[in-house]
Amino acid sequence: MKIFYAFLFATLSLCAQTGIKTASLDNNGKALWDVAKPDIAASGYKYYIRYEYGYRVVNLYANDSLNFEGFVVHYLREGTDEKNQKYVYDVAQLPKENCSTIGQKFLSEKFYNLPVEDSIPGYNKWWFDCWSADYVFKINDKIITKEYACPKQQQDTLTGIKLLKENLKLTDSILQLKKIYNDFDSRLEGGKSYYDGYWGMYKFTPEQKASWDKGKPRRAYMESKKDTIDNAIETYITAHYKNEGDCYDDFTLEFNKKGRVIKISTDTPFWERLFDKDYHRCRRSVKKLFRKFNLKELDLKYGFTRDLSFRLNDVPYIYDRTVY
């Protein structure tokens, strides 16, 4: 138990001093999990509650049923290059009073006895776009593990689900986990990409943030014109496109503020398209299609871009990738 106290104190003190830490992905991220998920069985505590949901791990522990303390670890995967990816994480101590509120509630209602998902009739665990809630409880010397796939998508009428949802909401609220995560997020290094298991994000540098803020009026204006522009292009394509052979390439069209196409580009590598006759035929077809297109009647303030792709039946369609 003394060893665990020393390890935990050293971990929290080090993180408090240096802020965000990094861990390699070696051994499935062992360096991170050693901090976020210390060995509960060897902890020496009589009661231990571990709650994991998405990109956070909460640890609450006590030697009696009233006085809990704990910490939360928020983490993300940094980088897009597989060879250079790593975990970034932050450890935050939680107020003892808040930890005790959660710990006492879980023990008093024997939350650790909630049926596992496979024992709940009607439980639907075949969702693919949501987190699971994972719990590990130590009650005296007994270790209890519970996993609930996509709990927030389940019907409240199912056995135990109403209590599960209530505890998920209360844990996040009382421990102020969103606020702690936002603090972690605010200290992430700019100019890098991060991934939480479902969603990726790019963190601006101060210069990029300033540029983004400066462009807000332009984005707002172009967003107000988006549907009008898209409808005009789609109507024009429907009236003027003639199938001149199979096309499989995607193109990015750059329009000036008069709605005239001034540039046609593609992500296909140069050497790959250099001698590709089908690509050149399709590009000529696209150029020919938009030769007489314009939006002068809209009197736009700015130019814009749209992606052009071809469906299986060779009908082109547009897509706006602009982040407004």
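The charged end of Arg219 sits over the ring of Trp212, at 3.4 Å from the ring centre, where a charge counts as over a ring if NZ of Lys or CZ of Arg is within 6 Å of the ring centre and within 35 degrees of the ring normal. Lys37 likewise lies over the face of Trp33, at 4.7 Å from the centre of that ring. The model is predicted, so local features need pLDDT of at least 70 and side-chain atom pairs count only at pLDDT 80 or more, while totals for chains, interfaces and linings use all residues. Residues are numbered from 1 along each chain as its sequence is written, and side-chain values use heavy atoms, with hydrogens and water left out.

Elsewhere, ring pairs link Tyr51, Tyr53, Phe106, Phe111, Tyr112, Tyr135 and Phe137 into a cluster. Strand β6 (residues 132-139) is mostly covered, with 6 of its 8 residues buried. Strand β2 (residues 47-53) runs antiparallel to β6 and is joined to it by 7 bridges, where two strands pair if DSSP finds at least two bridges between them. Within this pairing, Tyr53 has Ala133 of β6 as its bridge partner. Strand β7 (residues 142-149) is also antiparallel to β6, and 8 bridges join the two; here the bridge partner of Val136 is Thr145. β6 and β7 form a hairpin with 2 residues between them, and Asn140 in the turn has a positive phi of about 60°.

A further set of strands involves β8 (residues 192-195), which pairs with strand β4 (residues 69-78) in the antiparallel sense over 2 bridges. Glu78 has Tyr194 of β8 as its bridge partner, and Tyr194 in turn is partnered with Met201 in β9. Strand β9 (residues 200-203) runs antiparallel to β8, with 4 bridges between them, and these two form a hairpin with 4 residues between them, in whose turn Gly197 has a positive phi of about 105°.

Finally, about 240 Å³ of space lies in the largest pocket. On a 1 Å grid over the protein atoms alone, a pocket is an open set of points where a 1.4 Å probe fits, with protein on both sides within 12 Å along at least five of seven lines, and lining residues have an atom within 4 Å of a point. Of the 10 residues that line the largest pocket, Tyr236, His240, Lys242, Lys288 and Leu289 are the closest to its centre. Helix α9 gives the most to this lining, with 3 residues.

Key: Rings of Phe, Tyr and Trp (its six-membered ring) pair if their centres lie within 6.5 Å; planes under 30 degrees apart count as stacked, over 60 as edge-to-face and the rest as tilted. Grid points are joined across faces, edges and corners, and a volume is the space filled by probe spheres set on the points. Buried means under 20% relative accessible area, exposed over 50%, partly exposed in between (1.4 Å probe, protein chains only).
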